[in-house]
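We'll hop from one side chain to the next, with a short note at each stop.

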Amino acid sequence: MKTALDFSEIHAGMLAEVGGKAANLGELTRAGLPVPPGWVLTTEAYRQVALDLETSGEDLAARARRHLLQAPVPDDVREEILKAYAALGDDVPVAVRSSATAEDLPFASFAGQQDTFLNVVGGEAVVDAVRRCWASLWTDRAVAYRESNGIDHAAVRLAVVVQVMVDARVAGVLFTANPVTGRRHEAVIDASPGLGEAVVSGAVNPDRFLVFDGRILERHAGDKRLAIRSLPGGGTERVETAYDGLCLTDDEVLRLAELGTHVEKHYGSPQDTEWALDDDGRLWLTQARPITTLYPLPERPRPGLRVYFSVNVAQGVMGPLTPMGQAAFRVISAGAAGLAGHAPADPLDGAAFMASSGERMWIDLTTAVRSRNGRAILPRALTLGEARAVPVMERLFEDPRLSLADSSRRPFLRGLARFIRNVRLPSRVLTALTRPRRALALTVRLGEELDRRLRVPASATPAQRLDHAERVLVRTFPLIISVIPLAITGYGLFALASKLSGVPINEMGDVLRSVPHNPTTEMDLELWRLATRVEPEPFKELTVAELVRHYQEERLPPVAQREITAFLATYGHRGVAEIDLGVPRWSEEPAHILGVLANYLRMDGDPDLAPAAQFARGEREARAAIAHVAARARLKGRWRAAVVRFGLGRTRRYAGLRELPKFYLVKTLAAIRRSLLVVGEHLVARGVLDAAGDVFFLDLRETRAALGSAADLRELVARRRETYERERRRRHVPRVLLSDGTEPESLAQPAADGALTGTPASAGTVTGVARVVLDPIGAHLEPGEILVCPSTDPGWTPLFLTAGGLVMEMGGAMSHGSVVAREYGIPAVVGVADATHRITSGQKITVDGAAGTVTLPS
């Protein structure tokens with residue numbers, strides 16, 4: 001049965017205790033208790049009550065619990081409890097369990113946050129246990145869990161479930177999907193003698209079983225040194241045991257797995273269940289809840305086991321993409337597939353290799369994984385951009401379910417040949433080798449051609465704007481990929497120079513310092529120069545919100561107003577998570593840029609440490625590095641030294657171009673975004689949407705259909721916003737995912753305790769204070785602090801100008817963060833698993849960018 005509590009008694013108790021200070025109920029609201037109508041909050045009262053509580057030594061959660069425990073259970077509720085309990089029989093032992101509205105949300109499982117009371121005997125004991133369940137809504141762990149998941153305390157309610165006790169011989173938990181690896185339909189069973197509380201609470205090392213497809217894959221015996229058993233007359237006791245062997249037979253394990261299959265089928269999703277087996281061998285299901293930690297399966301997977309690689313992780317965008325952002329990626333992928341001769345019939349469907357899961361984009365790499373040529377190319381390609389994925393892929397090559405396909409070699413080679421021909425790779429490599437000025441001029445012409453394509457007449461109708469968006473998106477990849485042969489030439493010559501000289505690549509990092517033609521570092525340096533030109537006073541005196549307001553109202557000093565406007569005219573299409581066209585740009589929301597400027601202007605430092613000076617010093621060190629490598633090559637032959645000098649000179653000309661395709665891509669997305677906002681305004685005027693920005697929670701097909709329909713799309717947009725916000729809370733996104741839900745990286749052996757290793761990205765060693773940053777917006781980095789982050793895109797790079805070092809969870813030697821770190825001469829290690837969890841802000845760490853290690857204090 002379920003019961004509910006009227007909070008008025010608790011309100012009265014709190015009010016009586018704090019007297020006049022609670023007239024505005026600051027304390028109650030802070031504690032999360034609902035505020036009765038007519039009671040008003042003021043900031044001053046809130047501060048006063050909070051101050052009093054800080055000095056009282058008792059926190060708000062404890063006060064809420066105390067008042068709940070002291071408040072009388074309402075008479076009508078008490079009578080209902082006693083009546084229902086009596087109907088069970090005379091003094092029947094029951095379990096009294098909490099059931100809160102914040103439990104088992106799509107993004108969070110509250111399992112174990114509230115209290116359960118076992119083997120409760122007697123009506124008054126049941127009433128008291130119900131009261132204690134209510135009070136457990138305010139346990140420290142429950143309050144902390146709600147805080148960490150952004151759940152409003154005042155919106156939470158709790159009821160109580162009373163169940164007849166099962167006197168269990170063996171009990172435990174059963175997951176119908178593996179919660180560690182993510183593999184669906186692989187049952188994981190933990191079991192221990194006695195009541196299941198021993199397993200659920202973690203008080204015992206249970207036996208563990210893995211079952212898949214009717215077969216027991218693994219049996220592991222725990223020590224099971226403790227059992228919780230019911231006491232006659234009520235309550236439980238903990239007893240030490242010496243249980244040898246397994247506490248379940250194979251038949252019982254398979255029965256449990258079958259029960260799990262039925263439960264999952266009934267609820268339509270993987271379940272976390274609790275069960276008990278009594279002395280008669282009867283199996284009881286005592287609880288079932290969804291498993292909320294599993295990453296969603298890709299939509300509409302093709303037959304067989306598929307291998308997916310995360311576009312988001314590769315691009316340093318861990319959050320979700322808006323529906324329109326996903327739609328744009330699909331159309332872009334159609335243009336990419338066309339280069340290999342595999343264009344879809346309808347570009348809006350996207351390429352066959354593109355998939356969506358968890359509001360993020362994925363590339364299906366199965367064909368490459370099952371191809372001999374693909375297995376040769378994939379690890380080399382991933383080493384440059386996402387090195388942590390390389391061992392994952394190499395382990396997948398050994399999976400018999402992903403064996404080489406006889407038919408995959410020829411189509412793969414045909415597609416690769418078409419791609420090479422369509423991007424004119426041979427001719428552009430030849431141009432890069434022999435005519436560097438012409439090669440660089442090509443990149444300028446591509447930018448001019450892109451600008452022409454992006455122009456939309458102000459008189460264009462909404463339908464014409466959609467036509468233009470689709471046309472441009474299809475053509476985007478073929479245009480911007482034209483730059484890649486030049487960058488490939490540079491990096492290819494870099495590898496050749498290493499081979500000819502005998503100098504390992506990881507010792508040649510200085511060659512890539514301060515390379516020209518990189519639009520991201522050019523942007524960062526321009527932002528720093530801007531900070532040296534503007535009037536500093538408002539930036540030192542105003543908050544960021546005030547700076548934004550002054551800028552938008554054109555009330556900043558003249559030079560600052562003019563210079564910032566000019567900067568945003570060139571770089572305002574950029575932003576954090578900029579690969580999603582549904583995300584505002586700096587030109588729309590300049591708070592991030594103004595905040596960075598304010599940080600720069602508040603710094604008082606050595607001018608020799610200014611980014612421009614460091615960049616110039618990097619150029620000198622790069623020339624010295626080339627001379628050193630050439631001298632090493634000369635020891636093996638004079639011609640080798642000449643080739644090395646030539647090759648590394650070309651490397652420096654072209655390496656910075658690696659960032660140019662993305663620069664052009666983001667410019668394209670920003671232009672389409674501006675045009676779609678006009679379409680959104682049209683739909684608002686027709687009453688279809690509430691705001692122009694809501695158009696980004698539709699896809700291109702839906703937007704076109706909306707132009708010819710009066711259907712109200714506001715409810716659809718609201719649902720999608722809710723999904724988007726839920727996915728933003730997701731803390732873990734796999735880099736590689738199988739179509740059965742398995743995260744292959746989770747199958748690897750964990751590193752030794754305290755060992756933080758990754759991929760060397762930028763040589764040098766630095767010891768400094770770590771600053772863990774999960775979102776660059778509003779982040780502040782003191783000069784010399786070591787930036788520790790999940791990944792980076794160009795929206796992060798203004799922080800690099802003051803960083804003393806870089807540690808990233810994602811990326812490879814040629815990923816965005818690595819490239820920029822090398823150019824600024826910042827020691828960097830990337831691909832460090834769980835760095836943002838294993839390192840804390842304020843901790844002093846040492847980063848060795850050549851060895852790829854991060855040392856923590858012992």
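## Stop 1: charged pairs

The structure holds 42 salt bridges, a salt bridge being a side-chain nitrogen of Lys or Arg within 4 Å of a carboxyl oxygen of Asp or Glu. Before you click, note that this is a predicted model, where local features need pLDDT of at least 70, side-chain atom pairs count only at pLDDT 80 or more, and totals for chains, interfaces and linings use all residues. Residues are numbered from 1 along each chain as its sequence is written, and side-chain values use heavy atoms, with hydrogens and water left out.

Select Asp349 and Arg701: they form a salt bridge whose closest N and O atoms are 2.7 Å apart. This pair links distant parts of the chain, with Asp349 in the loop between α11 (323–339) and β13 (354–357) and Arg701 in helix α28 (residues 700–707), 352 residues apart. Helices (H or I, at least four residues) and strands (E, at least two) are DSSP runs, numbered from the N terminus. Asp349 is partly exposed at 45% relative accessibility, and Arg701 is partly exposed at 39%. For these labels, buried means under 20% relative accessible area, exposed means over 50%, and partly exposed is in between (1.4 Å probe, protein chains only).

Stay on helix α28 and pick Arg704. Its side chain meets that of Asp467 in a salt bridge (2.9 Å, N to O). Here too the pair links distant parts of the chain: Arg704 is in helix α28, Asp467 is in helix α18 (residues 462–480), and they are 237 residues apart. Arg704 counts as partly exposed at 30% relative accessibility, and Asp467 counts as partly exposed at 34%.

Next, select Asp694 and Arg721, whose side chains form a salt bridge at 2.7 Å, N to O. Asp694 sits in the loop between α27 and α28, while Arg721 is in helix α29 (residues 714–728), 27 residues apart.

Now select Arg183, Glu186, Asp399, Arg401 and Asp740 together: salt bridges that share partners join them into one network. The charged end of Arg183 sits over the ring of Phe212, 3.8 Å from its centre; the rule is NZ of Lys or CZ of Arg within 6 Å of the ring centre and within 35 degrees of the ring normal. For another example, show Arg132, which lies over the face of Phe117 at 4.2 Å from the ring centre.

## Stop 2: rings

The structure holds six aromatic pairs. Rings of Phe, Tyr and Trp (its six-membered ring) pair if their centres lie within 6.5 Å; planes under 30 degrees apart count as stacked, over 60 as edge-to-face and the rest as tilted.

Select Tyr295 and Trp362, an edge-to-face pair at 5.5 Å centre to centre with 65° between the planes. Tyr295 lies in the loop between β11 (283–290) and β12 (307–310), and Trp362 lies in strand β14 (residues 360–364), 67 residues apart. Both are tucked away by the numbers: Tyr295 is buried at 3% and Trp362 is buried at 0%.

Move on to Tyr571 and Phe663. Their ring centres are 6.3 Å apart and their planes are at 70°, so the pair is edge-to-face. Tyr571 is in helix α23 (residues 558–571) and Phe663 is in helix α27, 92 residues apart. Tyr571 counts as buried at 11%, and Phe663 is buried at 9%.

## Stop 3

Step to Lys662, in helix α27 (residues 660–685).
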